[in-house]
Amino acid sequence: MTVHLVNPSHLSFGVGVITPRWLFVLAGATPAAYGRPQIVDETLEALDLDTIKAGDVVGIGIHTGNALRGYEIGQSVSKRGATVVFGGIHATLYPEEAHELGAAHAVVRGDGDVIWPQVLDHAARGTLQRSYEGGRVDADRFVAARWELLPEGRYMWGSVQTVRGCPKHCSFCSVWRTDGQKPRQRGIDSVVGEIVELRRRGFRFVALADDNFYPVALADLAMAERQNNAPRLEQLRALRAERFELMERLAELPSDMVFFTQITMEAAEDEAFLDAMRKANIKGALVGVEAVTPEGLKDVYKGFNQVGEALVERLRKFREHGVHVLGSFIFGLPSDRAATFEATADVAERAGVTFAQFVMLTPYPGTVDFEAWEKRVGADAPRVGGIPITRHWLIPQALRPKVYAPHPVMQPDEIRARTQGVWDRFYSLQNVWARSSCVKSLRSRLTFVVMSKLYRQMYANTGIATDSARVSRANRWARLLAAPCRHIFMAKPLPDLAYPVSSRAAAQRSDIRVSAAATVEATTRIAT
Ligand code: B12
Ligand code: SF4
């Protein structure tokens with residue numbers, strides 16, 4: 001019985017930007033008795049069905065955007081006699097869909113780290129259940145990724161998770177409902193161990209695949225103090241101290257490492273935290289700005305963000321502390337008006353964000369926005385090819401509409417055109433060149449320009465455009481640029497790179513945490 005793990009995608013680029021982490025984590029959770037799991041990431045190339053034999057187990061991980069392709073794969077491999085198991089956020093939210101449309105024999109809800117060996121055991125014995133609850137695994141049971149299974153020369157960035165869950169409750173986000181609001185911070189040695197593995201293989205850029213790298217804000221501590229809530233205060237302080245400890249350890253890794261994470265804007269008020277980030281080589285962070293008006297923030301339950309000059313100052317603070325910002329903005333909020341688009345572009349420019357993304361409000365399942373929208377459109381939801389748009393992910397890619405949530409005063413086409421206009425303005429050659437002064441040499445500036453253009457091609461054109469000629473042009477460009485860009489990110493492999501000294505010291509001191517080396521051994525043990 002061979003175990004296959006498939007990351008579905010209807011588009012393949014040959015080269016991927018970020019390693020899809022779940023593939024390598026589930027490979028880590030696959031007991032060695034089943035041999036080497038076969039990893040297929042369709043963002044690189046499509047699954048070759050001839051590799052699937054009757055009796056194999058095919059694990060398919062889906063998010064909403066790639067669910068339909070996942071179902072196609074499920075159907076095809078099931079016809080070949082394979083056992084089909086679905087997991088991932090979308091399967092967690094819609095397990096029945098995977099059974100009905102994806103020919104699933106089993107669906108795993110929640111985290112796969114601990115339950116996966118049991119699923120494989122049942123599959124091998126012929127006692128597979130229809131559904132499994134993976135739940136929210138405690139941080140000390142997170143399985144480390146098996147980076148030795150990475151295909152050579154295919155990815156630009158590694159991905160390592162340091163925390164799951166987010167205490168906020170933004171209306172457009174499903175994370176706090178699926179991963180929970182309690183931050184589950186992973187053991188530091190395990191995190192550092194994985195990063196060392198990646199750097200040994202030449203990866204110096206690593207995305208910290210966290211929901212929110214800053215789960216305890218100063219405001220949270222102040223609130224607990226005001227409430228005289230001693231246990232809560234102690235708990236928050238411990239979480240915060242662990243973050244600093246992690247960053248100290250990241251700072252001991254080779255100085256050419258570059259980390260990128262996702263963080264809330266509140267971190268700008270916490271200068272000690274920003275300084276620790278800089279020392280840890282966390283050089284960039286996606287900051288969810290979302291809206292530049294108080295009404296917009298209210299729309300998305302993000303009252304902890306700022307607007308006006310305070311917003312500009314907060315974003316600048318990151319830069320002043322050596323952390324580049326990828327500002328993430330949402331258009332199509334109920335309070336948005338025509339003027340909001342230019343006002344947003346102004347803020348992005350004035351705040352000195354290094355990159356920006358301008359996404360259109362999409363009601364993702366599992367979110368408060370989705371529930372409200374589904375209830376509002378109800379049974380009368382318009383249909384495309386017979387499929388109600390409240391199940392938009394089931395509409396074939398070529399027909400899938402891009403804007404769904406009705407807006408009180410603007411038509412979808414207007415929102416899309418204005419959003420595209422903001423992308424055009426922010427990524428005009430003149431603006432990109434001006435921003436490129438954040439790096440020094442001419443070569444670095446030119447690289448910055450290419451990267452900005454690539455980002456724009458991969459994101460804006462394919463993400464927003466409905467015009468298929470534009471989409472395929474953007475895809476062609478992305479394909480052409482992707483392979484050469486990979487070389488910009490890779491470094492000379494350091495196969496002999498040792499674990500940072502204090503990792504070993506910490507491991508000797510503590511019998512609770514396993515050392516980085518032991519984590520690798522532990523992974524092998526899980527696998528045996
Ligand atoms: C890092 C990240 C990214 C990165 C990297 C993606 C990559 N190549 O891996 C980037 C920045 C590129 C990205 C982009 C996007 N992302 Co994103 N991303 C994340 C994030 C923060 C972490 C994902 C991760 O690596 N987690 C670590 C792994 C180990 O966990 P996991 O994937 O959940 O897998 C576990 C379980 O789900 C389960 N499991 C997963 N698959 C399988 C399969 C089987 C068989 C089994 C048994 C179990 C199983 O076991 C795993 C281990 O416990 C998540 C948030 C989250 N909490 O999931 C959002 C998230 C997945 N992204 C989301 C979205 C919306 C997007 C974008 C569409 C954003 C946008 N507007 O463009 C794009 C789409 C990109 C694309 N086409 O794939 C949403 C998805 C919502 C949904 N319903 O689908 C999430 C949940 C965030 C959110 N705010 O709601 N993302
Ligand atoms: S802060 Fe980020 S991760 Fe947390 S709920 Fe809001 S959007 Fe989701």
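How many helices and strands are there in the protein? There are 20 helices and 17 strands. Helices (H or I, at least four residues) and strands (E, at least two) are DSSP runs numbered from the N terminus. The radius of gyration is 23 Å, close to the 24 Å that the globule rule gives for 528 residues, so the protein is as compact as a globular protein of that length. This radius is taken over C-alpha atoms, and the globule rule is 2.2 Å times the number of residues to the power 0.38. The C-alpha trace spans about 60 × 60 × 55 Å along its principal axes.

The model is predicted: local features need pLDDT of at least 70, side-chain atom pairs count only at pLDDT 80 or more, and totals for chains, interfaces and linings use all residues. Residues are numbered from 1 along each chain as its sequence is written, chains are lettered from A and ligands numbered from 1 in the order in which they are written, and side-chain values use heavy atoms, with hydrogens and water left out.

Of the 528 residues, 54% count as buried. Buried means under 20% relative accessible area, exposed over 50%, and partly exposed in between (1.4 Å probe, protein chains only). Helix α1 has eight of its nine residues buried, so it is largely enclosed by the rest of the structure. Among these buried residues are Arg-21, Leu-23 and Phe-24.

Ligand 1 has 33 residues around it. A residue is near a molecule if one of its heavy atoms lies within 4 Å of it. Thr-64, Asp-113, Asp-179, Asp-211 and Tyr-459 come nearest. Polar contacts are pairs of N or O atoms within 3.5 Å. The side chain of Asp-113 places an N or O atom 2.3 Å from an oxygen atom of ligand 1. For the side chain of His-63, the distance to a ligand 1 oxygen is 3.1 Å. Gly-112 contributes a backbone N or O atom, 2.9 Å from an oxygen of ligand 1. Elements giving two or more residues to this shell are α1 (21-29), β4 (57-61), β5 (83-87) and β6 (106-110). By class, the shell holds 14 nonpolar, 12 polar and seven charged residues. Here Ala, Val, Leu, Ile, Met, Phe, Trp, Tyr, Cys and Pro count as nonpolar, Asp, Glu, Lys and Arg as charged, and the others, Gly among them, as polar.

Ligand 2 is surrounded by residues including Cys-166, Cys-170, Cys-173 and Asp-211. Its shell divides into five nonpolar, one polar and three charged residues.

The structure holds 23 aromatic pairs. Rings of Phe, Tyr and Trp (its six-membered ring) pair if their centres lie within 6.5 Å; planes under 30 degrees apart count as stacked, over 60 as edge-to-face and the rest as tilted. The rings of Phe-205 and Phe-489 have centres 4.7 Å apart and planes at 90°, so this pair is edge-to-face. Phe-205 lies in strand β11 and Phe-489 in helix α18, so the pair ties together parts that are 284 residues apart in sequence. Phe-205 is buried, at 12% relative accessible area. Phe-489 is buried too, at 8%. Phe-329 and Phe-358 are stacked, 5.4 Å centre to centre with 20° between the planes. They sit in strands β14 and β15, 29 residues apart.

Tyr-427 has Arg-435 over its face, 5.5 Å from the ring centre. A charge sits over a ring if NZ of Lys or CZ of Arg is within 6 Å of the ring centre and within 35 degrees of the ring normal. The charged end of Arg-200 likewise sits over the ring of Tyr-499, at 5.1 Å from its centre.

Technical notes: Polar contact = N/O pair within 3.5 Å; in protein donor to acceptor, adjacent residues only side chain to side chain.
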